[in-house]
Amino acid sequence: MARIRAFEDAAETASQGGVQVWGMEASAVPAKVRGPLHLSTGQEAVAAGVCINLRRDDLLTSTHRGHGHTLAKGADMAKMMCELYGRATGCNGGKGGSMHIADFSVGMLGANGVVAAGIPIATGAAQALKLQGRDSIVACFFGDGAINRGPFLEGLNWAQVYCLPVLFVCEDNRIAATTPTKSMTAGKGAAARARALGIEAREVDGNDVEAVDRAAGELVALVRTGTPVLLHAITYRIKGHVSVDPGAYRDADEVERARQDDPLLRVRALLASLGEASAAEAIDADVKREIAQALATAEAAPWPAAEAAFEDVISTGAGQWR
Amino acid sequence: MALTRMTYSAAAGEALAAAMRADARVVAIGEDLGRGGVFGQYRSRAADGTLRALQQEFGSSRVIDTPISEANIMGAAVGMALAGLRPVVEMRVIDFALCGMDELVNQAAKNRYMFGGQGRVPLVARMPIGLWSASAAQHSQSLEAWFAHIPGLVVVCPATPQDNHGLLTAALNCGDPVAYLEHKELWGLEDEVDIGARIELGRARIAREGRDLTLVTWSRTLHESLSAAATLAGEGIEAEVIDLRTLWPWDRDAVLASCARTKRLLVAHEAVQAAGFGAEIAATVAEALGCPVRRLGAPRIPVGYAPTLESQARVGADRIAAAARAFLQR
């Protein structure tokens, strides 16, 4: 959790400054992280609590807010920072950026710029695993906004029809872009919709990492028996929709309450109560070193060669003419 | 060379069956596949000579019947491909593929590139196109230009049983997402097929030689074009007919070489003419050779149900011949 927070804080700092946007002049100091940066600040307990229960050979699909899932699945932080900087040494070779960050080597099949798009992909990956007789599972993260898109229904129905090993995780930060989800969602939400299809679903306090870990552990065990389940983790997005968005449309008291309920504060208090405050400090020191190294690596890394723009697109006759 | 007489539909079925026998990673996924596909195109010939559904040979875990969930069919195929399978996706008619466009355009086509080559999506999306049996506005479209416009997609439009065998085999082997567009009025077309013939994606075929103009076409309009060329030959006009076969990558060399000889290009296709792929070919030839070009496609109207309306959207041999005569001022 501390690694995710530190990574996103550093990325946010690096995203400030000059990107010419909406007719405004770029400032003298160019931003190092240029593209849209969707931060999961305040939601780290969901990524950490779920992914600690996954194996390296399990697969994962993510959302546009996917740094936490990627780190928690085991991706290399320096390669991720290089990707946010758009450098050739990034995990996507500089072709994806924050919104498409992926590390297939740890089973992380990609963040996604389209809400709910990871859901059908997760079901297909699970179907392939089942057909191949592999005992891995797929964790499929999506937000509360995604449950109002068609692929949510199509994907859940599909997973249940074929008894696929998918852990659906609705990471409910209670706001879809800039609109409170409650105002746009009929019925009782993600878990109720899953149960309507006969899928076991559980709700959990997504800011309580112990509770998320416990629930995810039980559900992952169930998924490994060959059935889809859904975990509805309720959390709160402390920052705006995207890094340039101050989120001023929200009630200040509500945001302040969320800051008091920060899952990192909670876990620190828990560690202190267990007499493990020094363990937290040691983690903080490690994270500080790791972040400094990731930033230095990204600063020094080369840009992708222009020719790379024409690579990794279709092989068949591609590049003969443009 | 062993020739077997088969239909356009059966040719694809045989190609798919052969691929599934050779490679356990090849699976088929879509609605109504269990009974052989909605057009019977998921069948192959059994030892006793009868056509049987592929599911009987390969089982329901490899020939997968699905709910009516086009978005999930296409999206699941992306996930399958990333996890090591080579899925063939059935969309019934291309009009329904529009329910899975995010999954095809934003997911399948972008995956390899935007994730920096970490994964590949070797899926073949079979999305039948074209006018068929008074099917009106939502079951008759030819949308190949949409897919040719998307970097990351291969676009294939087979016109003959031989090509539906050879090009489907090539599509299954190409390793990238393929928009594979069979024409619904060609299912029953019969011809001799050499199942050993290998066809390369991106290679056009000169279907008829001629010196007076180059007529570039694909899919069902090939047959209309050949019919027009026969009529024109009786009038002393020799049209060279090129079946483009693959729209992306398209065989620019073959088209330019032909136009360099004939000095005139006419492109004919069933899709709406405005912003059709014929415009791309015409522009390319005009830029490269400066020779006169003409396009012939459907008017920009939805396909109507009644024969008098539907026929307005048809690009038949008579219209093609008339366009050629006007072009040559004969």
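# Packing in a predicted model

Colleague: Which residues of α7(B) are buried?
Modeller: This is a predicted model. A residue counts as buried when 20 or more other C-beta atoms lie within 10 Å of its own. In α7(B), the residues that pass are B:P161, B:Q162, B:D163, B:N164, B:H165, B:G166, B:L167, B:L168, B:T169, B:A170, B:A171 and B:L172.

Colleague: How many of the 13 residues of α7(B) is that?
Modeller: The helix is mostly covered. Its buried count is twelve.

Colleague: Which residue just after α7(B) takes a positive phi?
Modeller: The phi there is about 85°. The residue is B:G175.

Colleague: How far apart are the C-alpha centres of the two domains of chain B?
Modeller: Chain B is divided into domain 1 (3–194) and domain 2 (206–328). Their C-alpha centres lie apart by 26 Å.

Colleague: Which elements give two or more residues to the side of domain 1 of chain B that touches domain 2?
Modeller: In this contact, 24 residues of domain 1 of chain B meet 21 residues of domain 2 of chain B. On the domain 1 side, the elements giving two or more residues are α6 (144–148), β8 (154–156) and α7 (161–173) of chain B.

Colleague: How many residues of that domain 1 side of chain B are nonpolar?
Modeller: Four residues on that side are polar and three are charged. The nonpolar ones number 17.

Colleague: Which helix supplies the largest share of the side of chain A that touches chain B?
Modeller: Between the chains, 40 residues of chain A are in contact with 37 residues of chain B. On the chain A side, α5 (118–131) and α6 (150–161) each supply at least two residues. The largest share is ten residues, and it comes from α5(A).

Colleague: How does that chain A side divide by class?
Modeller: Charged residues number three. The others on the chain A side divide into 16 polar and 21 nonpolar.

Colleague: Which members of the largest nonpolar core touch the most other members?
Modeller: This core has 201 residues. It draws at least three residues from each of domain 1 (3–194) and domain 2 (206–328) of chain B. The members touching the most others are A:A125, A:C140, A:V166, A:L167, A:V169, B:A125 and B:A171.

Colleague: Which residues of chain B are in contact with A:A125?
Modeller: Set aside its neighbours within four places in sequence.

Colleague: What do the buried residues of α1(A) pack against?
Modeller: The buried residues of α1(A) are A:R3, A:I4, A:A6, A:F7, A:E8, A:A10, A:A11 and A:A14. They pack against four helices of chain A, namely α2 (44–51), α3 (67–72), α4 (77–85) and α11 (277–300).

Colleague: What radius of gyration does chain A have?
Modeller: With 322 residues, a compact globule would have a value near 20 Å. Chain A agrees with that, at 20 Å.

Colleague: What share of the residues of chain A count as buried?
Modeller: Chain A has eleven helices and seven strands. Of its 322 residues, the buried share is 51%.

Technical notes
Residues are numbered from 1 along each chain as its sequence is written. Chains are lettered from A and ligands numbered from 1 in the order in which they are written. This is a predicted model: local features need pLDDT of at least 70, side-chain atom pairs count only at pLDDT 80 or more; totals for chains, interfaces and linings use all residues. The radius of gyration is taken over C-alpha atoms; the globule rule is 2.2 Å times the number of residues to the power 0.38. Domain bounds come from an automatic or database domain assignment. Two residues are in contact if their C-beta atoms, placed from the backbone, lie within 7 Å. Ala, Val, Leu, Ile, Met, Phe, Trp, Tyr, Cys and Pro count as nonpolar, Asp, Glu, Lys and Arg as charged, and the others, Gly among them, as polar. A nonpolar core is a set of buried Ala, Val, Leu, Ile, Met, Phe, Trp, Tyr and Cys residues joined through C-beta atoms within 7 Å.
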